[in-house]
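Let us take a walk through a protein model together. Keep the sequence and the 3D view open while you read.

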Amino acid sequence: MAGQVPERAQVVIIGGGIVGASVAFHLTELGWTDVVLLERHTLTSGATWHAAGLVGRLRATHNMTRLAAYSADLYERLEHEMGHPTGFKKVGSVSLADNPGRMEELVRGAGMASCFDVEVEVVGVDELVERWPLLNPEGLVGGVWIPGDGQASPVDTTMALAAAAKERGARIIEGVTVERIRTVDGRAVGVDTDQGPVDAEYVVTCAGMWSHELGRQAGVNVPLHACEHFYLVTEPVPDLPAGLPTLRDTDNCIYVKEDAGRLLVGAFEPVAKPFGAEGLPTDRPFMQLDEDWDHLAPVYEKACERVPILGEIGIRLFFNGPESFTPDDRYLLGETPELRNHFVATGFNSVGIQSAGGAGKVLAEWIVGGRPPMDLWDVDIRRMLSFQTNRRYLRDRSVEALGLLYAMHWPFRQVDTARGVRRSPFHDRLAELGACHGESGGWERPNWYAPQGVEPVYEYSYGRQNWFEHSAAEHRACREGAALFDQTSLAKLLVQGPDAAAVLSRISSADVDVEPGTSVYTTWLNDRGGIEADLTVNRLDDERFLVVTAFSTQVRDSDWMARNTPDGARATITDVTSGYSVLGVFGPDSRRVLSPLTDADLGNEAFPFGTLREIDISYARVIAVRRTYMGELGWELYIPTEFSLGVFDELWATGQPVGLMPAGMHAMNSLRIEKAYRHWGDDIADEDTPLEAGLSWGVAWDKPGGFIGREALIAQREAGLTRRLVQFRLDDPEPLLYGNEPILGDGSLVGRITSGMYGHTVGAALGMGYVTHEPGTPRDEVIGGSFEITVNGERIPATASYRPFYDPTGDRIRA
């Protein structure tokens, strides 16, 4: 596929693996034929050629499952309908469990799969052996069978996608090195190659493990790191059953597949070997790394115990090849916030074959349509933060990232590597008080506090973990007295200028053009009415606003503002997150705790809910905002960073004797779920509207100038809804909800739990989820029937409500 490099193209794709070929295929399918794919060596010569070719349908979330299922269907269609061989075979897969925890993970996953329209069958040990006769069943407690899973040839599938794209007009050119991405005024305008420049309207980076350095050169954060990935191929196995399913024995870190009469055994060992920390080679197509028996031996010994024939036959091939892994084991997709018209599809964490079809489809639709075609937050590159381009951080995290694919996915599981990256000023003070810190977005945040004599370390399970009662005490302190929260990880964006009010008003569905000193909760909507963000807009003065959002959407929300600020608008956006620490003091006694520290009047008349003031505390001037995510009276205190410890020390010295208690993120989650406060990314996202989510009370329908998404909301209101967000309380106080549990209404599947947590005041597990219904169904009728939630394979009766189960009138937050 050699050819002359053109001077220009509408789209240039960098990288000729399966992902790049899929993007080209889908762009041409949408009618964009002026597409050039550039590959340094030959197609598949990066990581695609040595992939195992597993095509699973079930992923960790609904939308990722949609994309994986599409990939399987596409590969089958290419083979049977389009005349391009992919080697796709629907052989199914079996996953094993040799302990109760893993079995519960599989059973809960099977329940989740029923919500995603993926067939998964929970099976006993006898059926596992029947489906995989070479299996040693000793120690097994059960497993699952997924009949729709398959296998494909990575090379053949890539060639099939490339051939189909060429038939529609795409040009695929091998032997061309892209040296850099060319940029002008924050926009990608083409690439420089070793054979000359290529102008382009869009540049798509699908360069696998080389994407990080290519992005860095263009000022773009593409955080990933290569690791060595091992597999073995045996000599021919006599009488190997035809059509053998893929075997996943995650407790022993292995997968096994039939490969032309042999067995291929792959490993996801707990401690991986990073590769390329000093730089990746660019002159080694079809790269193979050195064997390392010492590294792989412990895993292979376990494999031989589970599949005894492995110890009886020879090994034909010991393979070691590099693959790229991201800090959170989810791939990177979408338009980069630093550089317009530059898109990425990379960092596939050993699931590139099963993901490539769906990823290529939605990325092509994003490029052509100018917006994501569905909720892609799970893999949106805007979830990544700027520090994550740090090479040492990426190397250290990659040691753990590979193995986490097959590790137990316990609720609240914390990573062990690359810790201590971002610490609030209060970190050490809180550690002395017993804080067990968890990591999110690099932040070390107190998740719970261990009382004296208890080690602040997680003991994981699907039941009540070791911190359950300690967090319950924190929860009760907030409900009955006062609790102190470290909320420093909140992202803070300062929007200022003569046009700041107009810009924010157009973006926000609520009326944010309010008097200075007012704090407004609002959603930001896309033109389909979907919720792009939910956050608070705090008006400091006529021309300054402090937008406060979650750390996880820090980049996304800043990017959304920038994209929707008109050219020439006199407004700037400055990320001031590091400039302020935040302490939250909440509970019915919070006013009593804070009043001795300030001369400000904290009374309800002088300082009502939804307002903010700059006040004195200790020797600092602090922005105090009266809002809550906990459902109690309280204030968020935004403290200039250098004053943080002085404020904390005086607050603790004054508050602790009158009952102030430190509280962590688990308590915050249990408090907010009792109030049915939505969590963006779980309960609401860009495919959910305020009408569906029960947030229309916050929409200023008739404010001057309107807002983005208004027309779509009006159309939906007139047409009627087909789904509504409902809160559920399990009638049995023992089971726990974590998310993605099926919701049954009158015995039929009507939805899934979007988020769940135990409500310590309510005395039961609570969850939220969208209930589907016929158009025009009266609101009360939607929750009028009987409901059950499937938890670990058991149907648990549940009570449905639109109103919070705690303080439904909201009197406590306005006390």
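Before we go on, a word about the model: it is predicted, local features need pLDDT of at least 70, side-chain atom pairs count only at pLDDT 80 or more, and totals for chains, interfaces and linings use all residues. Residues are numbered from 1 along each chain as its sequence is written, and side-chain values use heavy atoms, with hydrogens and water left out.

Stay with H5 for a moment. Its buried residues are Pro154, Thr157, Thr158, Ala160, Leu161, Ala162, Ala164 and Ala165. Here, buried means under 20% relative accessible area, exposed means over 50%, and partly exposed is in between, using a 1.4 Å probe and protein chains only. The buried residues of H5 pack against H1, H2, strand E8 (171–174) and H8. After H5 comes Gly169, which has a positive phi, near 120 degrees.

Next, look at the largest nonpolar core, which has 50 residues. Such a core is a set of buried Ala, Val, Leu, Ile, Met, Phe, Trp, Tyr and Cys residues joined through side-chain atoms within 4.5 Å. Among the elements giving two or more residues to this core are H5 (154–167), helix H1 (18–29) and strand E11 (196–205). H8 provides the largest share, 8 residues. Leu27 is one of the residues that touch the most other members. Leaving aside neighbours within four places in sequence, Leu27 is in contact (heavy atoms within 4.5 Å) with Val11, Ile13, Trp32, Val35, Ala364, Ile367 and Val368. There is also a second, separate core of 32 residues, including Val191 and Ile381.

Trp32 leads us to the aromatic rings. The structure holds 27 aromatic pairs. Rings of Phe, Tyr and Trp (its six-membered ring) pair if their centres lie within 6.5 Å; planes under 30 degrees apart count as stacked, over 60 as edge-to-face and the rest as tilted. The ring centres of Trp32 and Tyr202 are 5.5 Å apart and their planes stand at 45 degrees, so this pair is tilted. Because Trp32 lies in the loop between H1 and E2 while Tyr202 is in strand E11, the pair ties together parts that are 170 residues apart in sequence. Trp32 is buried, with a relative accessible area of 16%.

Now find the open sheet, where 3 strands run in the order E20-E22-E21 with mixed pairing. Strands pair if DSSP finds at least two bridges between them. E20 (422–423) and E21 (435–440) each have a single partner strand, so one side of each is left without a neighbour in the sheet. E21 pairs with E22 (residues 443–449) in the antiparallel sense over 6 bridges.

How values were computed: Helices (H or I, at least four residues) and strands (E, at least two) are DSSP runs, numbered from the N terminus.
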